[in-house]
Amino acid sequence: MRVLVVEDEKRLAETLADIISDSGDTVDVSNDGEDGYYNAASGIYDAIVLDVMLPKMNGFDILKKIREEGVSTPVLMLTARTQLGDRVNGLNLGADYYLTKPFENEELIASLHAIMRRKSEYIPEDISFGDLTLHPSSNTLVCNNKEIKLNAKEFELMRYLMINGKSIISKETIINKIWGYDSDAGDNNVEAYVSFLRRKLNSLKSNVSIKVVRMVGYHLEES
């Protein structure tokens, strides 16, 4: 899972990133509201840890804007503001959980994973598109009683394509979602893994293909 931390206190942001990374998730950090809003609005994250008091744009405004734009990523508000009105405001704007500072590490991780589980309930464990079924428990792709094993990046990319179905996904979005903002991955990495998956789809004789829309991105299509 990929988590965005929006926190202007750099030492605390690093601590949060370490805590979340130690639990097995990948973390990106934004240290001001504008950068946090831009990253949150991308929709590529599985959860967002969002501080309220931020420079350039506060957490309430970020939350309000992304919800208005249709971004449904689970949001955990993390703040020192303990007034009931602030908590109610955050929840009414679309926050999924409200955690006040100071907090225990175990409480943070438990709360974060709880809101991610609720979100993932909308996506079945086995994901299907056309004649394909993807099994997360075994990293296998199945078609017409034939199955093929996918490596970690192939699995993540195929899962993302299948969840989005016929919707076109840009290369930039794929890079950020699969490799992360801070990676050195580029268009060549995406093209290489799309090529790997196409070979495996051919091997399975699937009626599903990965189509490219020039200068836009990729999507799945049934023949």
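Which residues does D131 touch, not counting residues up to four places away in sequence? Keep that in mind while you get your bearings; what you have open is a predicted model.

**Stop 1: the parallel sheet.** Select β1 to β5. These five strands make an open sheet in the order β2-β1-β3-β4-β5, and their pairing is parallel. Now look at β2 (26–30) and β5 (97–100): they stand at the edges with a single partner strand each, so one side of each has no neighbour in the sheet. From one strand to the next, the twist averages 20°.

Zoom in on β1 (residues 2–6) beside β2; five bridges pair them in the parallel sense. To see one of those pairings, pick V5 and find its bridge partner in β2, V29. Then show helix α1 (residues 10–22), which lies across β1, β2, β3 (47–51) and β4 (75–79). Against β2, α1 runs at about 165°.

**Stop 2: the antiparallel sheet.** Next, select β6 to β9. Here you get an open sheet of four strands, ordered β6-β7-β8-β9 and paired antiparallel. At its edges are β6 and β9 (146–149), each pairing on one side only. Ignoring direction, neighbouring strands in this sheet are turned by 20° against each other on average.

β6 and β7 run antiparallel and are joined by three bridges; click S128 and you'll find its partner in β7 is T133.

Stop 3: You'll find D131 in the loop between β6 (127–129) and β7 (132–135). Leaving out residues up to four places away in sequence, D131 touches V142, C143, N144, K205, S206, N207 and V208. Check C143: it sits twelve residues from D131 in sequence, yet the two are 5.8 Å apart in space, C-alpha to C-alpha. Then try N207, whose backbone nitrogen lies 2.9 Å from a polar atom of the D131 side chain.

**Stop 4: a pocket.** Finally, select M1, R2, T26, D46, K153, F155, E156, R159, Y160, K177 and I178, which line the second largest pocket. Its volume is about 280 Å³. Color the lining by class and you'll see four nonpolar, one polar and six charged residues. α6 (152–164) and α7 (171–179) each supply at least two lining residues, with α6 giving the largest share, five.

Notes. Residues are numbered from 1 along each chain as its sequence is written. This is a predicted model: local features need pLDDT of at least 70, side-chain atom pairs count only at pLDDT 80 or more; totals for chains, interfaces and linings use all residues. Side-chain values use heavy atoms; hydrogens and water are left out. Two strands pair if DSSP finds at least two bridges between them. Axes are lines fitted to C-alpha atoms, for helices over the stretch in contact, and angles run from 0 to 180 degrees between N-to-C directions. Contact means heavy atoms within 4.5 Å. On a 1 Å grid over the protein atoms alone, a cavity is a set of points where a 1.4 Å probe fits but cannot get out, and a pocket is an open set with protein on both sides within 12 Å along at least five of seven lines; lining residues have an atom within 4 Å of a point. Grid points are joined across faces, edges and corners, and a volume is the space filled by probe spheres set on the points. Ala, Val, Leu, Ile, Met, Phe, Trp, Tyr, Cys and Pro count as nonpolar, Asp, Glu, Lys and Arg as charged, and the others, Gly among them, as polar. A polar contact is a pair of N or O atoms within 3.5 Å; within protein, one must be able to donate a hydrogen and the other to accept it, and residues adjacent in sequence count only if both atoms are side-chain atoms.
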